[in-house]
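Here are my notes for you, as promised. Have a look at the model first, then work through the points with it open beside you.

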Amino acid sequence: MGKAPAFQFYPGDWIQDTRILTPMTRGIWIDMLCFMWRSEERGKLSGTECQLARILSCEKEELRAAIAELSVTKIADVTFCNTDETVIITIINRRMHREDN
C-alpha cells in the first residue's frame with residue numbers, strides 16, 4: 001500500500017502553535033511539513049543548508065532564521081551533523097514522525 005496523498009490539517013492547532021513565529025517562518029514551516037509528508041522517513045527533512053534553501057524556495061539567511069525560530073520555540077526538533085566538509089541539517093515534526101512509526 002502506498003503512502004497517503006494528504007495529511008490532516010488542524011487549523012486550530014496551526015493558529016495556536018505558530019502564532020509565536022514570524023510570517024516568514026510560518027511559510028517555510030508549512031513547506032517543510034509538505035516535504036516531510038512526502039519524505040522517505042515521514043516527518044523528517046534533511047539536507048545541507050543549500051539543498052534545503054533550494055527546495056523550500058528561500059534564501060539561506062531566511063532558512064537560518066526559520067530554523068533558529070523552530071528550534072528555540074520547540075515547534076520542531078532540529079539537529080546539525082558535521083560530515084567531512086558539510087553540515088547536514090535535520091528537522092523533525094514530532095507528531096508526524098511519531099504517527100508514521
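How exposed is aspartate 13, as relative accessibility counts it? Aspartate 13 counts as partly exposed, at 29% relative accessibility.

1. Ground rules. This is a predicted model, so keep in mind that local features need pLDDT of at least 70, that side-chain atom pairs count only at pLDDT 80 or more, and that totals for chains, interfaces and linings use all residues. Residues are numbered from 1 along each chain as its sequence is written, and side-chain values use heavy atoms, with hydrogens and water left out.

2. Aspartate 13 and its partner. The side chain of aspartate 13 meets that of arginine 95 in a salt bridge (3.5 Å, N to O). The term salt bridge means a side-chain nitrogen of Lys or Arg within 4 Å of a carboxyl oxygen of Asp or Glu. This pair links distant parts of the chain, with aspartate 13 in helix 1 and arginine 95 in helix 5, 82 residues apart. Helices (H or I, at least four residues) and strands (E, at least two) are DSSP runs, numbered from the N terminus. Arginine 95 is partly exposed too, at 40% relative accessibility. For these labels, buried means under 20% relative accessible area, exposed over 50%, and partly exposed in between (1.4 Å probe, protein chains only).

3. The other salt bridges. The structure holds five of them. Arginine 94 and aspartate 77 meet side chain to side chain at 2.7 Å, N to O. Arginine 94 sits in helix 5 and aspartate 77 in strand 2 (residues 77–83), so they tie together parts that are 17 residues apart in sequence. Lysine 44 pairs with glutamate 41, their closest N and O atoms being 3.4 Å apart. Lysine 44 is partly exposed, with a relative accessible area of 27%, and glutamate 41 is partly exposed at 37%.

4. Two charges without a bridge. Check glutamate 69, in helix 4 (residues 60–72), and arginine 26, in helix 2. Glutamate 69 is buried yet has no salt bridge, and its nearest side chain of opposite charge is arginine 26, 7.3 Å away. Arginine 26 is likewise buried with no salt bridge. (Lys and Arg count as positive, Asp and Glu as negative; His and the chain ends are not counted.) Leaving aside neighbours within four places in sequence, glutamate 69 is in contact (heavy atoms within 4.5 Å) with Ile20, Leu21, Thr22 and Thr25. On the same terms, arginine 26 touches Trp14, Thr18, Arg19 and Leu21.

5. Serine 46. You'll find this one in strand 1 (residues 44–47). What does serine 46 contact beyond its neighbours within four places in sequence? Leu52, Ile88, Ile89 and Thr90. Serine 46 and isoleucine 92 are 46 residues apart along the chain, while their C-alpha atoms are separated by 8.7 Å.

6. The largest pocket. About 600 Å³ of space lies in it; a volume is the space filled by probe spheres set on grid points, joined across faces, edges and corners. A pocket, on a 1 Å grid over the protein atoms alone, is an open set of points where a 1.4 Å probe fits, with protein on both sides within 12 Å along at least five of seven lines; lining residues have an atom within 4 Å of a point. Of the 20 lining residues, the closest to the centre are Asp17, Leu33, Asn93, Arg95 and Met96. Helix 5 gives the largest share of the lining, six residues.
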